[in-house]
Amino acid sequence: MKLYKLPNQTLLEIESEFLLGPELDWDDLLGRENLKSLLTKESQTWEKISSANAESLIKEELLAPMGTQEIWAAGVTYYRSRTARMEESQDAGGADFYDKVYAADRPELFFKATPSRVSSPGGKVNIRKDSTWDVPEPELTLLISPSGKVQGFTVGNDMSSRSIEGENPLYLPQAKVYQGCASIGPCILIQDSISESTEISLEIYRNGELAASGKTNLTQLKRKPQELAGWLFRGNTFPVGCFLMTGTGIVPDDFTLAKGDEVKISIEGIGTLENTVGLI
């Protein structure tokens, strides 16, 4: 079951059938437990439309599939990310921090974005003018209910300034949190688990040509989704649920984003999140 947010309507895909429903209150919707059974019941009166009409609506405009939920993120959950972070922070003396957090029981968790900082599918994500090394971070992103239960998945782009974070780990909020620092979509896959063989891929295009790419899969994710959710909910409450990016295993080498680049992040079974790059 896939849930799409349209400007004035809601689109639900169930086993290749498409149902078009009214505009919903996404705080009320994502703030419920047992979202799958709720949507199954609610959509019984929705209009059935053809796949061609559904694809047309999706291409026309999608919104980020969220209400006022916060987005949080986990770091150093892939060995590839650990290695990259150690390399970029070596001169600042911060390499040991990343090595230790990768092996520690407690994961690295940090606040990523409020809804106003999140770009919709097809919209513009930003790199900072005071940064010299910027990358998209493709991440499986969890939809978590108010009780802390993982009940959905989406594609996430955790835009990051590697130069700012590498200069000093204490600069992490500035490297991660700014206008246009994140994007999620194109939909939410409503289910409580996902296969470890699921593939994540990244493609970056510049002037219409492939400039960088990479692939990984969830077997490389050191911490399980529900484990990360459990840590996030220690000492935190989320009355309307929240989203949690689970870290990246794709770090392009010797590459930095530029204004006008096109970023495509695909997760098997969910879809492709596309954004252009702006400068702020």
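The accessible surface of the protein comes to about 12,500 Å², and 46% of that surface belongs to carbon and sulfur atoms. These values were computed from a predicted model, in which the protein has eight helices and 18 strands. Of its 280 residues, 54% count as buried.

**Overall form**
- With 280 residues, a compact globule would have a radius of gyration near 19 Å, and the 18 Å of the protein agrees with this.
- Taken along the principal axes, the box filled by the C-alpha atoms of the protein is roughly 60 × 45 × 30 Å.
- When contacts between residues at least 6 apart in sequence are considered, 75% of them join residues that are at least 24 apart.

**Charged side chains**
- The protein carries 28 positive and 40 negative side chains, and the centres of these two sets lie 2 Å apart.

**Nonpolar core**
- The largest nonpolar core holds 73 residues, of which Leu140 and Ile270 touch the most other members.
- Strand S13, which covers residues 182-189, gives the most to this core, contributing five residues.
- Once residues up to four places away in sequence are set aside, Leu140 touches Ile270 itself, along with Ile194, Ile200 and Ile267, the leucines Leu218 and Leu244, and also Phe153, Met245, Thr154 and Thr246.

How values were computed. Residues are numbered from 1 along each chain as its sequence is written. This is a predicted model: local features need pLDDT of at least 70, side-chain atom pairs count only at pLDDT 80 or more; totals for chains, interfaces and linings use all residues. Side-chain values use heavy atoms; hydrogens and water are left out. Helices (H or I, at least four residues) and strands (E, at least two) are DSSP runs, numbered from the N terminus. The radius of gyration is taken over C-alpha atoms; the globule rule is 2.2 Å times the number of residues to the power 0.38. Buried means under 20% relative accessible area, exposed over 50%, partly exposed in between (1.4 Å probe, protein chains only). Contact means heavy atoms within 4.5 Å. Accessible areas come from the Shrake-Rupley method with a 1.4 Å probe; for residues, only the protein chains shown count as cover. Lys and Arg count as positive and Asp and Glu as negative; His and the chain ends are not counted. The place of a charge is taken as NZ of Lys, CZ of Arg, CG of Asp or CD of Glu. A nonpolar core is a set of buried Ala, Val, Leu, Ile, Met, Phe, Trp, Tyr and Cys residues joined through side-chain atoms within 4.5 Å.
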